[in-house]
Amino acid sequence: MTANSIQSPAAEHPAPKGAGPPMASIGNLIRRPETGSFIGLVCVFVFFAIFGGESFLSVSGLASWLNIAAELGIIALPIGLLMIAGHLDLSIGSVIPASSMMVAIVSGHFGLPMPVGIACSLMLGVAVGFLNGYLIIKTDLPSFVVTLGTLFAVAGLTLGISVLVAGSTSVALKSDPISKMIFGDFINGKFEVILLWWIAAMLFVGYILGHSKYGNWILALGGDKVSARNAGIPTDKLNVALYMASGLCAAFVGMCQAILYNSAQVSAGQSFIFNSIIAVVIGGVILTGGYGSVIGIVLGTMTFAIVNQGIYYTGFDANWASLIIGVLLLAAVLLNNSFRAMAISHAAPRVKPKAAP
Amino acid sequence: MTAPLLQLNSVNKSFGPIDVLHDISIEVKAGEVLCLLGDNGAGKSTLIRLLSGVHKPTSGEMLMNGKPVSFENPREASDHGIATVHQFGGTFPLMSIGRSFFVGAEPTKRWGPFEVFDRKKANEIAVREMRQLGITRITDGDRLVGGLSGGERQALAIARAVHFGASVLILDEPTAALGVKEAAHVLRIVLQARKKGIAVIFITHQVTHALTVGDHFAVLIRGMKAADFRKGEKTREEVTDLMAGGEAMAGLEAEIESHLH
Amino acid sequence: MKSIPRVLKMAAVAAMLAASATATLAAGPKIFVIGGKADDPFWSRVKKGADDAALVVKAAGGTVTWLGPQNYDNLGPDAAKLIRTALSQKPDAIVGPDWVPEAMDAAFKEVVAAGVPLIIYNSGGMEAAKRLGAQNYVGSEEYVAGMGGGEYFSKAGAKNVLCVNTQPGSTNQESRCKGLADGMAKGGGKSTQLPLPSSSFGNPTAVAQAVKAALLKDKTVDGLITISAGDANSAATGISQAGLVKQVKLGTFDIDPTNLQRIKDGTQLFCIDQQPYLQGYLAVSMLNGYVQYGLKVPTAPILTGPGIVDASNVEATVAGAAAGAR
């Protein structure tokens, strides 16, 4: 090994002047997977604008998919965080109706004041989340298995207790005006109040993931669990916290639904399980963990909502809706993957090799 | 003679009925490179795990700066200044360079009532530390680690260890998956770390690379230390033969020859 | 490479022309029908009726759009969302069922407040139509249907009938079971409801197993009624798995060919028919007539049921069922 064949230390090669010009950062922006999600969103929007006509582009049309996006979005945020950390949470499919039924039974059937029902409902979600997290760190079983178990357990409990206590699997709820205004009413008659809650959640989770050290911990946990632990991250506490957040958000959405629609059903949440995973994956979060962003999750949620609701504006036979949804989603995900591959393989501006002396 | 920074005395490690390491005694001083040579199955991985705190010795003792130590987990080992760089992984391919560098020790700044991750500072420091080790290609700490070559990732991991004040650097097969040029670069970085006064334990089965950087060599064969020599005491052929158990082979050949004549 | 952007541009222009063409041609009424899942045996009959009436609407240059939920897990809220979606498309008329009043009334009221003519069908009865300000109600009086079923069971000698409800909370189903209970009481017997979560609606195994378990648990049950023909098929399996075909008489609301076959074979007692085809057909036709010519039917409600189909009249029904209309 001669000294000639090895580069000398940095002192002899100072950083090229202006090494980070604006062009490089635009290049960086284009190569982020979130750009792929954004393009997907735009394409899908244009598609339904063309085939859905002016009704889709009207304020009511906008409201119809934004409302769906908000409900799904609040759940997609912690689900996305969990996926970045390398986990799944299937139990939300049962926590949503369980919390719906909880507030409906406590405040509707038993007539206790709304704040009590709301508190019980949210605490239920947090408790299930804690149970999920605890089981996962103690048994070290895959999160898919553990949350599948809690999914069924909570579903069974909800059904059994509802029939036992209320005699039916559907309970009505009449809320007081304040609760209605805060959780379950319409702004301007069109936009559900939960939209505002979604925006708040978006900002908060965006801060946590993108701009706090906890976000870095979540990314590390999903990237390499063992290294994360060795680097001193309290992975157990982090896992439990994430699951409690997921349970809380699922309970929140279930509770709002019960207040908005004045009734609760025991089986009202199954579709959220897959829909939240789909929304999050469209948004650029990798299924196996280690990468994702809140912007991506939000874009993915909106894309899903547009597809899900836009179909009703096109006049296509309802039977084709599922097919179109499937195709559009696959396309969006493929687009994301290519953008992510570009981001990883992107080469820095090459420094021209010095001519040999 | 200065006291060794890290020392193993008669360390044994068994997993149930299986004895993996027998009577291992090695030591490494500050500013020195100890090369642990051995073919696959010699017990190198177990030894690394012992040194980095994943396992505890079944018997024997570990000393740091003359004082006995015992690690319950890798975190404790790293708290004592022992940093381990594995062959793969540990650098989070999907994170940016800045973030990956500071995992678990993120720099923060205040933004109103919020504590915000200081991305700029993290990127600056990460890039600077890598440049110090000769990686000049990277100028933007936001680039994903996955876009770095194998050698650059090794450099990142070593830079991180050095930056966070490691006194002992354990490198597990750092050049095994690298091409010639990249391997050369990593070896140069090892020498730089050595110059900084860090004790380096360099585990490999590539004799050429070991002979380039090592001050002190130990050969592991089937869990036992088969040889212990300083730089210059053996040639490359002798070492290779040693690792493959070749001395025994050579002895057998000589015996057969002498019988035939 | 250059041809690709050109092709895309042409495609976009063509699509826009197509969309605007349909927009300008739509001089006839834009009618929206909110109903159940189109692949559901009951609702496919309703849709067939609506589709047949739609021929007239289309001939006048109008459209009839069917909006149904993807599943029945969250019946009320999902349907309420569909009503609002229909309303946002500037419809000329809307047909909708009042399944879950607490969740859906608000949306229906918005429709009427916007001045869009509304007909309630399938669920809710005339009280719902009056309460919401709709023009009319087309469908069956479910309470009356339930009573009829209860009386029929009693006449056949049953004393304890189980009402299997896979859409609890839905007004029409609740009324059915209540009517059944009252009809049984008149005949000196009794009836209890077995509520199953709405995710088991149309899930053969779930219903069959639930029925089998309930029958094995309570041996005094000698009659069973389901709220849909599909559920009846599942229940028949459950009853035979429990080995109680002789003891438990089976009846159902709504019909399908398999049910009719069992009536012919003698393993099923009866079906209560609400003539779903007519619900879709009449509701759409009436609104078309109103929007185009201002015609209103003075008779309210328009009852399409209940009618009992049993061994005495099953043959006549079979032909209609084969055509997908019954």
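1. How many residues of chain A are in contact with chain C, and with how many residues of chain C? The model, which is a predicted one, has 30 residues of chain A in contact with 32 residues of chain C.

2. Helix 2 of chain A gives the most, with four residues. By class, this side of chain A has 19 polar residues, eleven nonpolar and no charged ones.

3. As for chain A itself, it contains 14 helices and four strands. Its length is 357 residues, of which 56% count as buried. Of the contacts in chain A between residues at least 6 apart in sequence, 80% join residues at least 24 apart.

4. Chain C is divided into two parts: domain 1 (27-140 + 276-306) and domain 2 (142-274 + 310-322). Taken over C-alpha atoms, the centres of domain 1 and domain 2 of chain C are separated by 27 Å.

5. Between these domains of chain C, 19 residues of domain 1 are in contact with 21 residues of domain 2. Helix 2, strand 5 (136-140) and strand 11 (302-305) of chain C each contribute at least two residues to the domain 1 side. That side divides into nine nonpolar, seven polar and three charged residues.

6. Helix 2 (residues 41-59) of chain C also packs against helix 11 (residues 276-293) of chain C: their axes come within 6 Å and cross at roughly 30°. Because angles under 35 degrees count as roughly parallel, helix 2 of chain C is roughly parallel to helix 11 of chain C. The crossing of helix 2 of chain C with helix 11 of chain C is right-handed.

7. Which residues make this helix contact in chain C? From helix 2 of chain C they include Phe42(C), Arg45(C), Val46(C), Gly49(C), Ala50(C), Ala53(C) and Val57(C). From helix 11 of chain C they include Pro276(C), Tyr277(C), Gly280(C), Tyr281(C), Val284(C) and Asn288(C). By class, the contact of helix 2 with helix 11 of chain C has twelve nonpolar, five polar and four charged residues.

Terms used. Residues numbered from 1 in each chain as written. Chains lettered and ligands numbered in written order. Predicted model: local features only at pLDDT ≥ 70, side-chain atom pairs only at ≥ 80, totals over all residues. Axes fitted to C-alpha atoms, helices over the stretch in contact; angles between N-to-C directions. Parallel < 35°, antiparallel > 145°, perpendicular 65-115°, else oblique. Left-handed = near helix turned anticlockwise from the far one by under 90°. Contact = placed C-beta atoms within 7 Å. Nonpolar A, V, L, I, M, F, W, Y, C, P; charged D, E, K, R; others polar. Domains from an automatic or database assignment. Buried ≥ 20, exposed ≤ 12 C-beta atoms within 10 Å, placed from the backbone.
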